[in-house]
Amino acid sequence: LRIEVQNSEKFRVVSELTSVFAHEIRNPMQVTRGFLQLLNDPDLPSKKKEYIQISIEELDRANEIIDDFLLFSKPDINNNKKVNVGYQLERVINIIQSYSLNHNVEIKTDILYNCWIYANPQKLNQSLINILKNAVESMPDGGIVWITCTTADDGYIKINIKDQGIGMTNKQIDRLGTPFYSLKEKGTGLGMMISFQIIRSFKGKIIVNSEKGTGTEFIIFLPQESQTERTAI
Ligand code: ADP
Ligand code: MG
């Protein structure tokens, strides 16, 4: 099945403010987590240790929600830079490497390094890592994720991220990108919404091919550097 996710109301831009808030919230949360760990003395009564443990887990959960939004982002800087997509893909793969090894997932790549776009690199990486993370998580028994990056004929850069995971039904694909849609026990249901939104903001498009029990393929098209209209500064 092939569904093109592009012109839908559900991918409306969430206010830039969200990312500003999230950024400011992360620091105090880290401080709180640090003190909770210090409090967690082995001699404490077990009830109290349990309370501290729950508090830490809840903080981690909140942090994951923030990660889906702004693992990389510093709000409002670096917009419209000339970005080497292959190089950014490599950075993202490095970041996710230990996570994928923990899941017995091998990442195989075939990346062309002359793929340039105009974009915000932090946002690009955020959108890629959300897709890549899902690919890894889709294979409970491990497997391979293939990533390719090439130039397409029509002035687009084409990124392909393919897994051998559980796949999706038509209905599930249709709900991709809807806020809080998640089939995972501890999912946030925000990763795809953010990814789609970012790619749309770059005037790109996404095609999702998926088959239940076989795997999923995300094909991302981004306008090549020379195709993007720019205002002279
Ligand atoms: P989360 O990962 O927190 O659940 P996402 O927005 O990232 O939220 O993804 C939403 C849902 O889409 C996932 O819970 C999963 O059911 C489905 N999904 C996304 N990517 C894949 C994939 N590569 N393979 C199978 N299912 C996927
Ligand atoms: Mg996700």
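## A loop residue with positive phi

Lys-203 is found in the loop between α6 and β7 (205–211). The structure described here is a predicted model. Lys-203 is a residue other than glycine, yet its phi is positive, near 60°. For most residues other than glycine, phi is negative.

Is Lys-203 buried or partly exposed? Lys-203 has 16 C-beta neighbours inside 10 Å. A residue is buried if 20 or more other C-beta atoms lie within 10 Å of its own, and exposed if 12 or fewer do. Lys-203 therefore counts as partly exposed.

Phe-180 is not a glycine either, and it has a positive phi of about 70°. This residue is placed in the loop between α5 (170–175) and α6. With 9 other C-beta atoms within 10 Å, Phe-180 is exposed.

## The packing of α4 and α6

Two packed helices are described by the angle between their axes and by the distance between those axes. Helix α4 spans residues 121–137 and helix α6 spans residues 191–201; their axes lie 9 Å apart, and the helices pack at an angle of about 140°. Angles over 145 degrees would count as roughly antiparallel, and those from 65 to 115 as roughly perpendicular. The two helices, α4 and α6, are therefore oblique to each other.

The crossing of α4 and α6 is left-handed. The residues of this contact comprise 5 nonpolar, 6 polar and 2 charged. On the α4 side they include Lys-123, Gln-126 and Ile-131, and on the α6 side they include Gly-191, Met-192 and Ile-198.

## Lys-81 in strand β2

Lys-81 belongs to strand β2, which covers residues 81–84. Which residues does Lys-81 touch, not counting residues up to four places away in sequence? They are Tyr-118, Ala-119, Asn-120 and Pro-121. Lys-81 and Trp-116 are 35 residues apart along the chain, and their C-alpha atoms are separated by 9.9 Å. Lys-81 counts as partly exposed, with 13 C-beta neighbours inside 10 Å.

## The chain as a whole

The protein chain contains 6 helices and 8 strands. From the N terminus on, its elements run β-α-α-β-α-β-β-α-β-β-α-α-β-β.

Of the 233 residues in the protein chain, 31% are buried. Among contacts between residues at least 6 apart in sequence, 78% join residues at least 24 apart.

Notes: Residues are numbered from 1 along each chain as its sequence is written. Chains are lettered from A and ligands numbered from 1 in the order in which they are written. This is a predicted model: local features need pLDDT of at least 70, side-chain atom pairs count only at pLDDT 80 or more; totals for chains, interfaces and linings use all residues. Helices (H or I, at least four residues) and strands (E, at least two) are DSSP runs, numbered from the N terminus. Two residues are in contact if their C-beta atoms, placed from the backbone, lie within 7 Å. Axes are lines fitted to C-alpha atoms, for helices over the stretch in contact, and angles run from 0 to 180 degrees between N-to-C directions. Angles under 35 degrees count as roughly parallel, over 145 as roughly antiparallel, 65 to 115 as roughly perpendicular and the rest as oblique. A crossing is left-handed if the near helix is turned anticlockwise from the far one by less than a right angle, and right-handed if clockwise. Ala, Val, Leu, Ile, Met, Phe, Trp, Tyr, Cys and Pro count as nonpolar, Asp, Glu, Lys and Arg as charged, and the others, Gly among them, as polar.
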